[in-house]
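Me: I would like to learn how to read side-chain features in a model. Please start with the terms and then go to the cases.

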Amino acid sequence: MSLYVKAWLFLAVFITALITSPGWGDAIGLELPNAPVIITLVFTTMLFLVIVCPRCRAPLFRTDMKFFYIYHPWPNKTCPQCGHDHAKKPGE
């Protein structure tokens with residue numbers, strides 16, 4: 001499975017966790033008033049630190065502009081820093 005597909009799957013899990021997080025406290029018997037905020041912070045940190053280009057270690061969810069970076073909620077198909085194709089499977 002390509003890194004690009006893995007990033008989209010991770011994003012789907014993130015959105016599902018964020019939508020369902022208000023009901024988690026009731027389901028396990030705890031009061032978690034800040035569950036959506038905590039989940040958002042944890043997953044956003046993972047987006048920026050864990051899902052990175054295997055060649056240059058740049059985050060897949062970052063686009064390089066001329067003077068600054070823009071982080072967005074969709075992964076890049078090719079790395080803006082080194083040009084590596086993330087849609088290819090590792091053996092190709």
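Reply: Begin with burial: a residue is buried when its relative accessible area is under 20%, exposed when over 50%, and partly exposed in between. The model here is a predicted one. Tyr4 has a relative accessible area of 18%, so Tyr4 is buried. Trp8, at 39%, is partly exposed.

Me: How is a pair of aromatic rings described?

Reply: By the distance of the centres and the angle of the planes. This structure has one aromatic pair. The ring centres of Tyr4 and Trp8 are 6.3 Å apart and the planes stand at 85 degrees, so the pair is edge-to-face.

Me: Where do Tyr4 and Trp8 lie?

Reply: Both are in helix H1, residues 3-20. They are four residues apart, which is about one turn of the helix.

Me: Which ring does the charged end of Arg62 sit over?

Reply: The ring of Tyr69, with 3.9 Å from the charged end to the ring centre.

Me: How many disulfides are there?

Reply: The test is a pair of cysteine sulfur atoms within 2.5 Å. The count by this rule is zero. Cys53 is in no disulfide, and its nearest cysteine sulfur belongs to Cys82, 3.7 Å away.

Me: Is Cys53 buried or exposed?

Reply: Cys53 is buried, at 0% relative accessibility. Cys82 is partly exposed, at 29%.

Notes. Residues are numbered from 1 along each chain as its sequence is written. This is a predicted model: local features need pLDDT of at least 70, side-chain atom pairs count only at pLDDT 80 or more; totals for chains, interfaces and linings use all residues. Side-chain values use heavy atoms; hydrogens and water are left out. Rings of Phe, Tyr and Trp (its six-membered ring) pair if their centres lie within 6.5 Å; planes under 30 degrees apart count as stacked, over 60 as edge-to-face and the rest as tilted. Helices (H or I, at least four residues) and strands (E, at least two) are DSSP runs, numbered from the N terminus. Buried means under 20% relative accessible area, exposed over 50%, partly exposed in between (1.4 Å probe, protein chains only). A charge sits over a ring if NZ of Lys or CZ of Arg is within 6 Å of the ring centre and within 35 degrees of the ring normal.
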